[in-house]
Amino acid sequence: MPPLLWAKAARAIGLGWGNDRNARQFRPSAGQAGDGVGVDALLIVALGIFALFGSWYTIDQGDRGVLLTNGALSSVVDPGLHFKLPWLQRVEKISLRQQVLKWGCENQNACGGLPAMQAYSRDQQPADMRVTVNFHVPAAEVSNVYTNYGSIEALADRVIARKAPQEIKTVFGQYDAVSVIQNRAKFNKDVADAIAAVTDGPVMIDSVQVENIDFSDAYEQAVEARMTAQVEVQKQEQNLQQEKIKADIAVTQAKGRADSVKAEAEASAYKTRVEGDATAGAIKARAAAIANNPLLVELTKAERWNGELPKSMIPGSTVPFLELSTPAAASN
């Protein structure tokens with residue numbers, strides 16, 4: 001409060017201001033006494049109202065209050081309605097809600113003041129990453145945060161923001177470009193563990209997300225070309241497998257046909273052999289019958305002769321199919 005107001009307030013309640021000389025300096029004249037009393041009364045009322053409204057305060061559910069008396073920490077205040085001494089005490093609020101630190105963005109040209117996160121993989125491939133770290137202050141550490149850091153922003157800057165980027169780059173350098181893409185979950189966990197290990201202040205790391213890894217255009221084009229080549233190789237392998245399957249089918253079919261022809265040939269040979277054996281048996285039987293009965297041939301001839309003689313004959317030749325014996329032979 002300005003010294004003049006203090007002087008008027010003191011004068012209004014019958015107090016002096018300083019020594020007698022100073023008191024006489026502020027003593028009104030008889031003509032001004034009535035007006036001065038009215039002004040002083042208004043000042044007292046205004047001071048009372050100001051003191052009344054400055055003596056109470058509220059703390060939200062997600063915050064804690066640090067009550068300071070003349071700058072010294074008196075206590076940590078829980079959520080709710082509280083009272084304090086006007087002009088002598090004040091309250092600083094510390095949030096217990098989850099806070100976020102970010103590095104990198106989708107468009108580097110539109111990042112504004114957001115710090116970039118650039119790192120190199122084990123195979124020397126540069127990448128721009130987008131990383132977020134979520135943290136909060138435990139309720140038991142509120143007095144520690146205010147005493148040693150003053151605010152959550154200062155705490156985050158000194159405990160997390162200065163250490164996390166180096167840990168992220170170190171972990172990223174342990175992966176090559178292909179493996180970090182293939183093992184995103186493991187890489188994210190390794191980054192979170194590394195950041196939690198170096199965070200030694202009154203703060204709790206809730207989670208770490210590596211939201212995006214953006215390699216250079218040249219590398220991405222090389223990866224795309226390699227993937228295209230792999231797809232083409234896989235396509236050719238599939239075609240080769242299809243040709244092998246077709247060849248196996250043709251071989252199977254040819255073998256089936258060969259087996260069929262072989263079976264038919266074997267059946268035909270068997271038939272011929274059986275028929276030959278039967279014919280040979282019949283001939284053998286006939287030969288044996290003829291040998292046992294020589295006249296059987298003549299009987300067969302006679303049975304098959306139709307009784308007609310040849311129309312012409314060579315002189316001196318024998319008559320076919322007939323044997324004419326002499327009378328003497330017949331009598332014998």
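The chain has an accessible surface of about 22900 Å², and 56% of this belongs to carbon and sulfur atoms; the areas come from the Shrake-Rupley method with a 1.4 Å probe, and for residues only the protein chains shown count as cover. The model is predicted: local features need pLDDT of at least 70, side-chain atom pairs count only at pLDDT 80 or more, and totals for chains, interfaces and linings use all residues. Residues are numbered from 1 along each chain as its sequence is written, and side-chain values use heavy atoms, with hydrogens and water left out.

Of the 332 residues in the chain, 21% are buried (buried is under 20% relative accessible area, exposed over 50%, and partly exposed in between, with a 1.4 Å probe and protein chains only). Among contacts with a separation of 6 or more, 64% are between residues 24 or more positions apart; a contact means heavy atoms within 4.5 Å. Eleven helices and nine strands are found in the chain (DSSP runs numbered from the N terminus, helices being H or I with at least four residues and strands E with at least two).

An open antiparallel sheet is formed by three strands in the order 3-2-5, where pairing requires at least two DSSP bridges between two strands. Strand 3 (72-77) and strand 5 (89-95) are at the edges with a single partner strand each, so one side of each has no neighbour in the sheet. On average, neighbouring strands of this sheet are turned by 30° against each other, direction ignored; the axes are lines fitted to C-alpha atoms. Five bridges join strand 2 (residues 63-69) to strand 3 in the antiparallel sense, and Leu-68 has Leu-73 in strand 3 as its bridge partner.

**Gln-89**

Gln-89 belongs to strand 5 and is counted as buried because its relative accessibility is 16%. A polar atom of the Gln-89 side chain lies 2.9 Å from the backbone nitrogen of Leu-85. Beyond its neighbours within four places in sequence, Gln-89 contacts Leu-67, Leu-68, Thr-69 and Lys-84.

**Loop residues with positive phi**

Asn-70 is located in the loop between strand 2 and strand 3, and Trp-87 in the loop between strand 4 (80-83) and strand 5. Neither is a glycine.

| Residue | Phi | Relative accessibility |
|---|---|---|
| Asn-70 | about 50° | 61%, exposed |
| Trp-87 | about 65° | 54%, exposed |

Definitions and conventions:
Axes fitted to C-alpha atoms, helices over the stretch in contact; angles between N-to-C directions. Polar contact = N/O pair within 3.5 Å; in protein donor to acceptor, adjacent residues only side chain to side chain.
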